[in-house]
Amino acid sequence: MKYLVMIQGTQADYEAMRGEASANAPAWSEKDLQAMFAFMGAVNNDLSESGELVDGNGLAEPAQTRFVGAGKDGRPVITDGPYSETKELLAGYWVLDCESLDRVTEIAARVALCPVPEGTPDYPVIIRPILDSGGDV
Amino acid sequence: MRRPTGVEDLLRSHAPQVLGALVRRYGHFDLAEDSVQEALLAAAQQWPEQGLPDNPRGWLIKVASRRLTEALRSDEARRRREETVAQLTPRDAFTAPAPGESRAPSEDDTLTLLFLCCHPELTAAAQIALTLRAVGGLTTAEIARAHLVPEATMAQRISRAKQKVKGVPFRQPVTEDRDQRLAAVLQVLYLIFNEGYTATSGRDLHRADLAREAIRLTRAVRRLLPTEGAVTGLLALMLLTDARSAARTGPHGELIPLDEQDRGRWDPQAITEGSALVEEALSQGPAGAYQLQAAIAALHDEAARADDTDWPQILALYDILVRRAPEPMAELGRAVAVAMVHGPEAGLAEVAKLEDRLAGHHRLDAVRAHLLEKAGDTEGARAAYRLAAQRTLSVPETRYLQMRAARLLP
């Protein structure tokens, strides 16, 4: 059965990864970045090898988000953010095909251990079962 | 994409000729294309088990023809059309021999197919997809995977493209159109190459096959048009660029810039071949953009160490390039060369002139960042790296730029 596994982040976290520190997000050093790349790379490799990885991507920072709504006159209304600095949003996701909720929970628990600089906020990794893929929820 | 086996290579090299034979004889590009795919599939299943037939191309033409006539017969209206066509076609118009007969390689068909697939009516995305499918012999699933789109989307794109070129006569464009159409073919091959080359990290590894496929197709075009400088130049450019691919990314998919690459990991064979092609291309008439870019790539590749790079020569080539083909990315390349020859401040002045035309483009910010770093403006460089990292949507580039910014932290 398939699951959507999501990680979160704020605009400030993205900026910290580029070296711009703020109150809740200390700047990442080159070593911090390398450690994170290596960790995520290993997770992705393992998921590819086990055949559980269906898809996965990181998302661009919240500032590059665009909202599209339906206007009253039938024309779409398009706006950029803004998001407040503290609001966490989807930062990346995996679509995984796992044997059970227990197994995908195990994977999410590993993702949660990703090394980050001291003082970076902790966000839970979120699992959402995907409907219509059969199996237990 | 799996590693191509002997049979797969054989099938890919025959695919355009088999398709050419069918389209020439029956028309119906879309049906012919489906039939060839079915024949290729049958061959891929049967040949490894039963051994190769004596005349593989004849076998494929025979099986594909059978599938095609079956498809035509299945529909009453289609059958009538088939009969009309048969009656209208004089016997000697059947330039392809009967199915199963051996014949000299009809290489021209490959080129005619390429011209058809790169028809000006089609969008660039459709041209690329159709070229990979009809001339490259890739399956829809493979093309979809390489473009990171669902298979259904790619199937739709290909079938719409086939509909569009359905009525186009199967022959090479007339002389006055030819140069322009050849330019379109080369552009599509270059786009395929770049799609494969720019995606180098992790699970996108299969896209490297696109670069290989583009090189293979360009080689095929060069065999047919050996004296066309642009074709020779494009092949040289691809080989000289691809030669560096192993050294281009680090262990975690981050980009490594040219001057920091481990040159021992460059492919010496591709460099030798590419350099020889550059010389040949430059002797084949006035140098166009591909020849000049290939010559620049050759100068980079031939330097044993980054410090040995012949920057004055590269700058001279960029000067000609931006005069012949004024294009902002070429001018940005020239700005780097100016910096290497005349110092970072001179380069920054050139970058500033491009501000309007490349506004918001991460590459402009990245080049500015590098030049500011070289000029000793750490704070300005860090800000420019950050801006570039914010603007790129490529994972390897983001990583590289983030790392560059982090390296300059106080």
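Visitor: Where is Glu331(B) found?

Guide: Glu331(B) sits in helix 15 of chain B, which covers residues 328-342. Bear in mind that this is a predicted model.

Visitor: Which residues is Glu331(B) in contact with, leaving aside its neighbours within four places in sequence?

Guide: Val322(B), Pro326(B), Leu354(B) and Arg357(B). They are called contacts because heavy atoms lie within 4.5 Å.

Visitor: What separates the C-alpha atoms of Glu331(B) and Leu182(B)?

Guide: A distance of 25 Å separates those two C-alpha atoms. Along the chain, the two residues are 149 residues apart.

Visitor: Why is Glu397(B) called buried?

Guide: Its relative accessibility is 15%. Buried means under 20%. Therefore Glu397(B) counts as buried.

Visitor: What does Glu397(B) touch, not counting residues up to four places away in sequence?

Guide: Glu397(B) touches Leu255(B), His362(B), Arg363(B) and Thr392(B). Glu397(B) itself belongs to helix 19 of chain B, residues 395-407.

Visitor: What does the secondary structure of chain B come to?

Guide: Chain B has 19 helices and zero strands.

Visitor: How much of chain B is buried?

Guide: Of its 410 residues, 52% are buried. The accessible surface of chain B is about 19200 Å², with 51% of that belonging to carbon and sulfur atoms.

Visitor: Which share of the contacts in chain B join residues at least 24 apart?

Guide: The share is 65%, taken among contacts between residues at least 6 apart in sequence.

Visitor: What is the mean pLDDT of chain B?

Guide: The mean is 83, and 88% of the residues in chain B reach 70 or more.

Visitor: Where in chain B does pLDDT stay under 50?

Guide: One stretch is residues 87-105, for which the model has 24 contacts beyond four places in sequence. Another is residues 200-205, with 11 such contacts. pLDDT is the predictor's confidence in each residue, on a scale from 0 to 100.

Visitor: What ipTM does the predictor give the complex?

Guide: The ipTM is 0.77, and the pTM is 0.74.

Visitor: Now chain A. Which pattern does chain A follow along the sequence?

Guide: The pattern is β-α-α-β-β-β-β-α-β. That goes with three helices and six strands in chain A. The C-alpha trace of chain A spans about 45 × 45 × 20 Å along its principal axes.

Visitor: Why is Gln11(A) called buried?

Guide: Gln11(A) has 7% relative accessibility. The cut-off is under 20%. So Gln11(A) counts as buried. Gln11(A) is placed in helix 1 of chain A, residues 11-17.

Visitor: What makes the link between the side chains of Gln11(A) and Glu15(A) a polar contact?

Guide: The two side chains are joined at 3.0 Å. A polar contact needs a pair of N or O atoms within 3.5 Å, one able to donate a hydrogen and the other to accept it. The pair of Gln11(A) and Glu15(A) is therefore listed as a polar contact.

Visitor: In which order do the four strands of the open sheet in chain A run?

Guide: The order is 2-5-1-6, with antiparallel pairing. Strand 2 (53-58) and strand 6 (126-129) are the edge strands, because each pairs on one side only. From one strand to the next, the twist averages 20°.

Visitor: How do you know that strand 2 and strand 5 of chain A pair?

Guide: Five bridges join them. Pairing takes at least two bridges, so the two strands count as paired. In strand 5, Gly92(A) is the bridge partner of Gly58(A).

Visitor: Which strands does helix 2 of chain A lie across?

Guide: Helix 2, residues 30-50, lies across strand 1 (2-9), strand 2 and strand 5 of chain A. The helix runs at about 25° to strand 5.

Visitor: How do strand 3 and strand 4 of chain A pair, parallel or antiparallel?

Guide: Antiparallel, over five bridges. Strand 3 covers residues 66-70 and strand 4 covers residues 76-80. Phe67(A) stands opposite Thr79(A) in strand 4.

Visitor: Which residue takes a positive phi in the hairpin of strand 3 and strand 4 of chain A?

Guide: Gly74(A), with a phi near 90°. The hairpin has five residues between the strands.

Conventions: Residues are numbered from 1 along each chain as its sequence is written. Chains are lettered from A and ligands numbered from 1 in the order in which they are written. This is a predicted model: local features need pLDDT of at least 70, side-chain atom pairs count only at pLDDT 80 or more; totals for chains, interfaces and linings use all residues. Side-chain values use heavy atoms; hydrogens and water are left out. Buried means under 20% relative accessible area, exposed over 50%, partly exposed in between (1.4 Å probe, protein chains only). Accessible areas come from the Shrake-Rupley method with a 1.4 Å probe; for residues, only the protein chains shown count as cover. Axes are lines fitted to C-alpha atoms, for helices over the stretch in contact, and angles run from 0 to 180 degrees between N-to-C directions.
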